[in-house]
Amino acid sequence: MSEAGTSAADAGRFLAFDLGGQCFAVDVSRVEVVLDSFRITRVPKALPFLRGVINFRGAVIPVADLKARFGEGRTEAGEGSRIIVLQARVGPDDLAIGVLADSVREVIELDRTDVERPPRIGFSLDESIIEGVGKSNGEFIVVLNMDEALKETGVQADRAQEQR
């Protein structure tokens, strides 16, 4: 670590976004684009947290609703709503997938050594979804592991299989 406090290897750049009144972040190296207008086409019998698909640059991109994935309702379209298109490993494949956000803030830098695991007590959310909790401008930011957040859970996979 340098005398200034952070080495280049320790600093991480993250895209911060709002979801349900809370700030989340994803590693900016995974983000392809942020879309501000979109039309989502619903896909019958999809997993409950998959809202549908969009056409982006001629490709069909699935769109996930993290609020639904986290069991906190649905993300509703509003004036600041966005879709963050990013790369995620889903099963054996690297896929482009859209994630709904109430709004997108900015790219922030967090010292990776200051991103801590959340307390183990009192959280019902699968810990593998959260890389850690950091702090920027006096606010806590939940850094997500998008590969895990977008992975089918056993219950969701069973429910989707029953619907097919």
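User: Buried means under 20% relative accessible area, exposed over 50%, and partly exposed in between (1.4 Å probe, protein chains only). Does Phe24 count as buried or exposed?

Analyst: This is a predicted model, in which local features need pLDDT of at least 70 and side-chain atom pairs count only at pLDDT 80 or more, while totals for chains, interfaces and linings use all residues. Residues are numbered from 1 along each chain as its sequence is written, and side-chain values use heavy atoms, with hydrogens and water left out. Because its relative accessibility is 6%, Phe24 counts as buried.

User: Which class describes the pair of Phe24 and Phe70?

Analyst: Rings of Phe, Tyr and Trp (its six-membered ring) pair if their centres lie within 6.5 Å; planes under 30 degrees apart are stacked, over 60 edge-to-face, and the rest tilted. Phe24 lies in strand β2 (residues 22-27) and Phe70 in the loop between α1 and β6 (82-90), 46 residues apart; helices (H or I, at least four residues) and strands (E, at least two) are DSSP runs, numbered from the N terminus. The ring centres of Phe24 and Phe70 are 5.9 Å apart and the planes stand at 40°, so the pair is tilted.

User: Which residues form the aromatic cluster?

Analyst: The whole structure holds 2 aromatic pairs. One of them, Phe17 with Phe24, is stacked, at 6.1 Å centre to centre and 25° between the planes. One aromatic cluster is formed by Phe17, Phe24 and Phe70.

User: Which side chain of opposite charge is nearest to Lys67?

Analyst: Lys67 is placed in helix α1 (residues 66-69). Lys67 is buried yet has no salt bridge, that is, a side-chain nitrogen of Lys or Arg within 4 Å of a carboxyl oxygen of Asp or Glu. Lys and Arg count as positive and Asp and Glu as negative, with His and the chain ends not counted. At 4.6 Å from Lys67, the nearest side chain of opposite charge is Asp102.

User: What is the order of the strands in the open sheet?

Analyst: Two strands pair if DSSP finds at least two bridges between them. The open sheet has 5 strands with mixed pairing, in the order β3-β6-β7-β5-β4.

User: What is the bridge partner of Asn55 in β5?

Analyst: β4 and strand β5 (residues 59-64) run antiparallel and are joined by 6 bridges. The partner of Asn55 in β5 is Val60.
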